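Have the sequence and the model open side by side.

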Amino acid sequence: MELMASMMCADYGNLEREVRSLEAAGIDSFHIDIMDGHYVPNFAMSLNDIKYIAGAAKKPLDVHLMVEQPNHTIDLFLDVMRPGDTVYIHPEAEYHVSTTLQKIMNAKMIPGIAVNPGTSVETVYEMLRIVDKVLVMSVNPGNAGQMFLPYVGEKIPKFEELKAEMNFKLYWDGACTAERVKKYAHCGMDGFVLGTSLLFGHDKSYTELIREVRALA
């Protein structure tokens with residue numbers, strides 16, 4: 001099971017220390033949410049944040065682009081990332097999704113799509129053949145701490161049926177509690193994005209918290 005730290009929730013006054021501590025504790029990658037104020041009604045993190053974390057971290061980056069027309073700006077992000085990092089785009093935000101995914105692959109990054117709560121499995125079916133990762137959003141994108149949408153769980157068995165055929169991995173993003181990790185880790189999820197529910201803002205060390213999450217699965 002892969003665990004990704006949602007860096008939007010990190011302590012920005014001590015960002016390098018946060019990166020070092022998370023890596024020492026056993027985090028698998030750093031999840032970076034980019035929001036443009038158009039595709040979602042909020043701004044979060046930036047190109048400079050990606051560049052800084054890419055320079056400080058040894059583990060891969062997991063960049064989630066919540067932006068309109070990512071094909072127009074994708075090169076800016078790819079230029080500050082490293083081969084083997086992951087980039088997720090939202091299919092609804094792009095006219096020609098496969099073109100942007102091809103740019104990601106040409107840069108030797110891992111291509112992924114993020115699936116909103118209101119987006120059906122059938123809508124993204126064709127793209128499942130060309131992406132390596134699928135990020136299932138259990139909340140509407142745009143803000144941390146949003147309400148969990150329970151009907152999202154009904155998609156998981158559908159994606160699980162397609163994983164072997166299409167050869168992709170499945171990840172959970174949003175409202176990631178202990179109960180949901182325990183339930184969906186046994187339903188085909190390959191990893192989880194950890195925010196304030198299980199990782200940031202607690203009295204325990206990152207080592208203890210990550211060990212507890214792994215024990216749930």
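Buried means under 20% relative accessible area, exposed means over 50%, and partly exposed lies in between, with a 1.4 Å probe and protein chains only. This is a predicted model, so local features need pLDDT of at least 70, side-chain atom pairs count only at pLDDT 80 or more, and totals for chains, interfaces and linings use all residues. Residues are numbered from 1 along each chain as its sequence is written, and side-chain values use heavy atoms, with hydrogens and water left out.

Start with two loop residues. N167 is found in the loop between α5 (155–166) and β8 (169–173). Helices (H or I, at least four residues) and strands (E, at least two) are DSSP runs, numbered from the N terminus. N167 is not a glycine, yet its phi is positive, about 65°. N167 counts as exposed because its relative accessibility is 62%. Now go to Q69. Q69 sits in the loop between β4 (61–66) and α3 (74–78). Its phi is near 45°, again a positive value in a residue other than glycine. At 19% relative accessibility, Q69 counts as buried.

Next, turn to helix α1 (residues 15–25) and helix α7 (residues 206–216). They pack at an angle of about 45°, with their axes 8 Å apart. Axes here are lines fitted to C-alpha atoms, for helices over the stretch in contact, and angles run from 0 to 180 degrees between N-to-C directions. Angles under 35 degrees count as roughly parallel, over 145 as roughly antiparallel, 65 to 115 as roughly perpendicular and the rest as oblique. α1 and α7 are therefore oblique to each other. Their crossing is right-handed. A crossing is right-handed if the near helix is turned clockwise from the far one by less than a right angle, and left-handed if anticlockwise.

Which residues of α1 and α7 meet? E18, S21, L22 and A25 in α1 meet Y206, T207 and I210 in α7. Contact means heavy atoms within 4.5 Å. By class, this contact of α1 with α7 has four nonpolar, two polar and one charged residues. Ala, Val, Leu, Ile, Met, Phe, Trp, Tyr, Cys and Pro count as nonpolar, Asp, Glu, Lys and Arg as charged, and the others, Gly among them, as polar.

α1 also meets helix α2 (residues 47–56). The axes of α1 and α2 come within 10 Å and cross at roughly 50°. The two helices are therefore oblique to each other. This crossing, too, is right-handed. L15, E16, V19 and R20 of α1 make the contact with Y52, I53 and A56 of α2. By class, the contact of α1 with α2 has five nonpolar, no polar and two charged residues. E16, in helix α1, is partly exposed, with a relative accessible area of 39%.

Finish with the rings. The structure holds three aromatic pairs. Rings of Phe, Tyr and Trp (its six-membered ring) pair if their centres lie within 6.5 Å; planes under 30 degrees apart count as stacked, over 60 as edge-to-face and the rest as tilted. One of the pairs is F159 with F168, edge-to-face, at 6.4 Å centre to centre and 85° between the planes. F159 is buried at 0% relative accessibility, and F168 is buried at 4%. The rings of F200 and Y206 have centres 5.8 Å apart and planes at 75°, so this pair is edge-to-face. Both F200 and Y206 are buried. Y206 also belongs to the α1 and α7 contact.
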